Amino acid sequence: MRELLKVQNVKKTFRVSARQQKIQRTKERTKVAVDRLSFTAYEGEVFGLLGPNGAGKTTTLRMMAALISPDEGDILVDGSSVVKSPDEVRAKIGFLTSELKLEEFFTPNYLFDFFSELHGVDKATAARRKQELFGKFNISEYAEMKVANLSTGMKQKVSLVISIVHDPDIIIFDEPTNGLDVLTAKTVTDFLLDLRGRGKTIVVSTHIFSLVEKICDRVGIILDGRMAACDTLENITAEKPLEEKFFDIFAEKAGGTYEK
Amino acid sequence: MKNNMVTVIKKEFRRFFTDRRMVLTTLVMPGLMIYIVYSVMGTGLASQFGQEEGTALQVSVENLPQGIAAASKGTPLEFTELSGGQETDGALEGLREGAEGCDLVAVFPKDFEKLAAAYDKADGGDAPAVRLYYNSVQTDSSSAYDMMEEILDAYETSLANKFDVNPGDEKYDLATEEDMSAQFFSMMVPMLMMVFLFSGCMAVVPESIAGEKERGTIATLLVTPMKRSHLALGKIISLSVIAVLSGLSSFLGTMLSLPKLMGGVQYMDASVYGIQEYLLMLAVVISTVLLIVTLVSIVSAFAKNVKEATGWVTPIMIVSMLFGVMSMLDIASQTGMAWFLIPLYNSAQCMGGIFSLDVDVWNVAVTAVSNICYAGIGVFALTKMFGSEKVMFSK
């Protein structure tokens, strides 16, 4: 299988401010958010990054999207390095996170055209894609409403659609169903499966076990910025259900870490 | 209920006083800046309206009486005798033109002291007349006029009001209406323009950069393959256009309402300015707005939110206003080209020069080019900042 996304031994450290040092009662000036993490996502698969809050999932995804640079190591996105050619990487991926917001003053229609232009999609292709995606997510009837007036679920759908205006082969979603009602969450989940069916490579970060079980082909479990386990979903859940397996790994690693 | 009120008050105080930036921008900066601005203004005004020590005021005088010469001893007035006729006409022309070496022309009748002593109001004749010609647009000329009038007042009192100063309807103030309009606009408009241009920038820039950062919408742009330099330039150009339009709106409103505000002063006529002045003004305004937008953009990119950006930009706004105020003062006006490399100061000085119809085109060129260069450096810095995770994703 073709390696579309290759994370190679990446490390990311953040500076801890004097204020944070006081709050966290630590003298450490830096915090390692991601520690020599490696994994590969292959063409046409859904790779799930599973881990608790603060484990380093979002930092990893941000590095994959070339929003931040790794201190060490590299990430190759369809052959382009996030360190050497971040612009190329950003052209090849679709990235969606709850931290990325849309200008509420504009309409979904305008925003779709605007982001299509930024991604260099020609007008005819953009119009065709807009019709397809707006139809799939029932956005058409809200297309001329300002984003500010849309419901949370509809905003999330618009964000998702806009993140893939350029029909990227690699799609990175951070907590894709977080905060969504069950109906919208199902629409998003079905869409991810549909994308996989069309040969797209998808990396999702989540802490929802059911989502991983439903859509992921392979899973990486991140704890304290390190890869605690990485295998196919089938192998990971061979002996125990995913949730139990996760807590076994967590107890094993946490025991080792926190007793220090 | 009362306890809850105290709890809320305590929370608000805690929020404010534990935020060092807020304390600095809200409590320290305003007092400090006002102190600096007023001190500079006070020093400037004292120099503007007070007579600089050692500087002589040149009075060209026809038939200078001994008593006036004696009464003027110890004052900065220096007299040059005129023989009358063409010589006096030449001095008046020099005064009208604002030439150096002639701040006041005083014309006394021949044998003034004898005439004044012999004058009796009861006889019904005209009192001996002293004519003082001056140019109100020139600071030294106004000072010389005031000083001479004071000396004549004292002298007249000692003679029991036996002569008149500037009798009849003759025009003794030799400043032209064009000069008076230019002086008025050059005093008022540069400071107002600096305020308007800055306000125009403040209305849109922090919202567009710090606001987008605060709302998370700029990250959505940063995740696209767009070059950071294109984002920086796109923002700066669009914001500059909006800020110029906003500044022009304020400028038009001011120019149209100033005569009404000043109670229908006769000599204010903006038609004294020609196409050259307006083109020079446009060059200064556009380059200044580019510079201000770039400065405010950089501060806004550093700030975590709009409120913080506004707080940090305030000192720059005050400095810009200060330069505007300085353009009203002769003491702060420099003509050396190097002075026009100082950002914001150069803009205010050029505006003052353009409106007083006394501008060096080369200085305007240096101002416009240097401002554009500074803006270019700023765009480069902003591009780097848009690429910096520490700046763009700091919480």
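Guide: Let's start with a term: a residue counts as buried under 20% relative accessible area, as exposed over 50%, and as partly exposed in between. Keep in mind that this is a predicted model.

Visitor: Okay, let me try that out. Is Asp167(A) buried, partly exposed or exposed?

Guide: Asp167(A) has a relative accessible area of 34%, so it falls in the in-between class, partly exposed.

Visitor: And what about Lys200(A), buried or exposed?

Guide: Lys200(A) is buried, at 7%. These two residues are partners: Asp167(A) and Lys200(A) form a salt bridge, with their closest N and O atoms 2.9 Å apart.

Visitor: Which parts of chain A does the Asp167(A) and Lys200(A) pair tie together?

Guide: Asp167(A) sits in the loop between α6 and β7 of chain A, and Lys200(A) in the loop between α7 and β8, so the pair ties together parts 33 residues apart in sequence.

Visitor: Where else in chain A does a salt bridge link distant parts of the chain?

Guide: Take Arg218(A) and Glu45(A), whose closest N and O atoms are 3.1 Å apart. Arg218(A) is in strand β9, while Glu45(A) is in the loop between β2 and β3, 173 residues apart. Both of them are buried.

Visitor: How many salt bridges does the structure hold over all chains?

Guide: It holds 23. Some share partners: Arg129(A), Asp167(A), Asp169(A) and Lys200(A) are joined into one network that way.

Visitor: Now the place where the chains meet. How is the size of an interface often given?

Guide: Often as the accessible area lost when the parts come together. Between chain A and chain B, about 1,700 Å² is buried, and carbon and sulfur atoms give 61% of that. Chain A brings 21 residues to the contact and chain B brings 16 residues.

Visitor: How many salt bridges are there between chain A and chain B?

Guide: Two. One of them joins Arg215(B) to Glu103(A), with the closest N and O atoms 3.6 Å apart. Arg215(B) also forms a salt bridge with Glu207(B), at 2.7 Å. Arg215(B) is partly exposed, at 33%, and Glu207(B) is partly exposed too, at 39%.

Visitor: How many residue pairs are in polar contact between the two chains?

Guide: Four. On chain A's side, the elements giving two or more residues are β1, α3 and α4.

Visitor: What kinds of residues make up that side of chain A?

Guide: Twelve are nonpolar, two polar and seven charged.

Terms used
Residues are numbered from 1 along each chain as its sequence is written. Chains are lettered from A and ligands numbered from 1 in the order in which they are written. This is a predicted model: local features need pLDDT of at least 70, side-chain atom pairs count only at pLDDT 80 or more; totals for chains, interfaces and linings use all residues. Side-chain values use heavy atoms; hydrogens and water are left out. Contact means heavy atoms within 4.5 Å. Buried area is the accessible area (1.4 Å probe) that two parts lose on being put together, summed over both. A salt bridge is a side-chain nitrogen of Lys or Arg within 4 Å of a carboxyl oxygen of Asp or Glu. A polar contact is a pair of N or O atoms within 3.5 Å; within protein, one must be able to donate a hydrogen and the other to accept it, and residues adjacent in sequence count only if both atoms are side-chain atoms. Helices (H or I, at least four residues) and strands (E, at least two) are DSSP runs, numbered from the N terminus. Ala, Val, Leu, Ile, Met, Phe, Trp, Tyr, Cys and Pro count as nonpolar, Asp, Glu, Lys and Arg as charged, and the others, Gly among them, as polar. Buried means under 20% relative accessible area, exposed over 50%, partly exposed in between (1.4 Å probe, protein chains only).
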